[in-house]
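I opened this entry to look up the annotated sites and their surroundings. My notes follow in the order I checked them.

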Amino acid sequence: PKNVGILGMEMYFPSRCVDQTEMEAFDGVSAGKYTIGLGQQKMAFIDDREDIQSICLTAVQKLMETYKISYNDIGRLEVGTETIIDKSKAVKTVLMTLFAEHGNTEIEGIDTTNACYGGANAFFNAVNWVESSSWDGRYAIVVAGDLALYASGAARPTSGAGVVAVLIGENAPIVVERGLRSTHMEHAYDFYKPDMHSEYPIVDGKFSNTCYIRAFDSCYNRYMNRLAAQSGNEKVSMEDVDYVVCHSPYAKLVNKSFARAAYNDFVRDPENPKFADFKQLAEISYADSLENRDIEKAFMGYTKESYNTKIGPAAFVPKHIGNMYAGAVWAGMASLISEVPSEQLQNKRVLLYAYGSGLAASMISFKIVGNTDDIKAKLNLRERLSKRTASKPEEFAEAMAIREKTHNVKDYNPIGSLDHIASGVYYIDTIDDKWRRFYKRK
Ligand code: ACO
């Protein structure tokens, strides 16, 4: 198959959000800490009415409806998530209800979990399938998303919730470039969820940032080495990339990783006249570079303008929703397609960085070879984001408290108001005495 890649995208995020300026006041931190310090605008949240299965049901159902695909035309469905409500039964099996209704029970794929990386792994599985001898000619769907929740404290303002469903097949407008994908994986306790009684992670925030940047460096250099070999041009750099999408735990880290790409370009080609001002930074060892403020400041300054054109469009949507863990990087891709007109994207290269704590990271690139206006129109993100209900920080805190109290319960009817569930959205109707969950669609 030719031009394997992204044919369509649908996104689901909750109807309620809280403003980060109000969160700053509510938490009693200095003004600007969340909005400038973390770079976030709004944070989406849900109560006990929704769970990972309901939000995935909503995203997949909407993808099928907006793209008017036959349920029998799907041959693979992969879920990437770290929101675990069952240690055995995959979210994918619940999504099968949508297809079984139409007589399709032959769909490969199951869930993949490793922090925010599950969606990338699911995506690779789906693309690999289409490119393989196992492919039966049908489409694949990748569903990536999470309820990103943190205990109250420094990490809480980086919460969020959302899921992206991606339609994959041949002759796509957004094509995966072959032979360039790079990966970095290692063992680290930067963010993990060992406590089965809680939805919250154990997180070493500062260390997780360093892990993210270190994995970025590694993936970036491996990617560039492959690009150099493939293109026959030794001096490849960010100049060969038109747009960047990075996993977004919060926008400031995305900004810092973009600056980091420029630092890597400098290390790869220190004599290049464009880096003349940074000569003295070449003395700093790699280990020291990771937390060096002079390097960060120099390259944040250097990339200030290109930030707006190359990565700003992808950063927009995550800024208005918050972290979506496995879904965040795909929300970034949806954001880019929504923010940049199709004609401007033609023949452009998009570099995507996926990171999941623990840790697993990859870089992959896409070429835009077809019209993306239809995907943008169907996503309709600006309008949908603006139509959300602006809630008070107290309501957010209450929703979190409800979830804490009802995590893992059985024989339970959710108390969250159906007023917060938009039309066409799945919600939990009841959980029976055997923990079986029953959903309805509003
Ligand atoms: N105005 C402007 N900026 C401010 C203000 C203010 N009033 N107050 C603080 N800041 C800046 C700080 O200078 C700092 O900037 P810097 O990043 O350039 O140093 C930034 O805001 C953050 O403030 P800190 O006090 O350094 O950090 P904090 O203790 O609030 O924690 C952290 C931030 C670590 C990101 C926390 O939110 C966290 O743990 N998040 C979850 C972990 C995470 O997202 N990791 C990323 C990779 S892994 C993943 O995806 C889960």
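I began with Lys256, which I found in helix α7. The model is a predicted one, and I kept that in mind throughout.

The unreviewed UniProt entry lists Lys256 under "binding site", together with Ser208 and Lys252. These residues are spread over 49 residues of sequence, yet they cluster in space, with a largest C-alpha distance of 13.7 Å.

Lys252 is also in helix α7, which covers residues 251-268. I have Lys252 down as buried because 20 other C-beta atoms lie within 10 Å. Beyond four places in sequence, Lys252 is in contact with Gly37, Leu38 and Gly39.

Next I turned to the "active site" feature, which the unreviewed UniProt entry places at Glu82, Cys116 and His247.

I located Glu82 in the loop between β4 (74-80) and α4 (91-100). Glu82 has 27 C-beta neighbours inside 10 Å and therefore counts as buried. Leaving out neighbours within four places in sequence, its contacts include Thr113, Ala115 and Asp146.

His247 sits in the loop between β12 (243-246) and α7. I logged His247 as buried, since it has 32 C-beta neighbours inside 10 Å. Which residues does His247 touch, not counting those up to four places away in sequence? I listed Cys116, Ala328, Val329, Tyr353, Ala354 and Tyr355.

Technical notes: Residues are numbered from 1 along each chain as its sequence is written. This is a predicted model: local features need pLDDT of at least 70, side-chain atom pairs count only at pLDDT 80 or more; totals for chains, interfaces and linings use all residues. UniProt positions are given in the numbering used here, feature names are shortened, and annotations may be inferred rather than shown by experiment. Helices (H or I, at least four residues) and strands (E, at least two) are DSSP runs, numbered from the N terminus. A residue is buried if 20 or more other C-beta atoms lie within 10 Å of its own, exposed if 12 or fewer, and partly exposed in between; C-beta atoms are placed from the backbone. Two residues are in contact if their C-beta atoms, placed from the backbone, lie within 7 Å.
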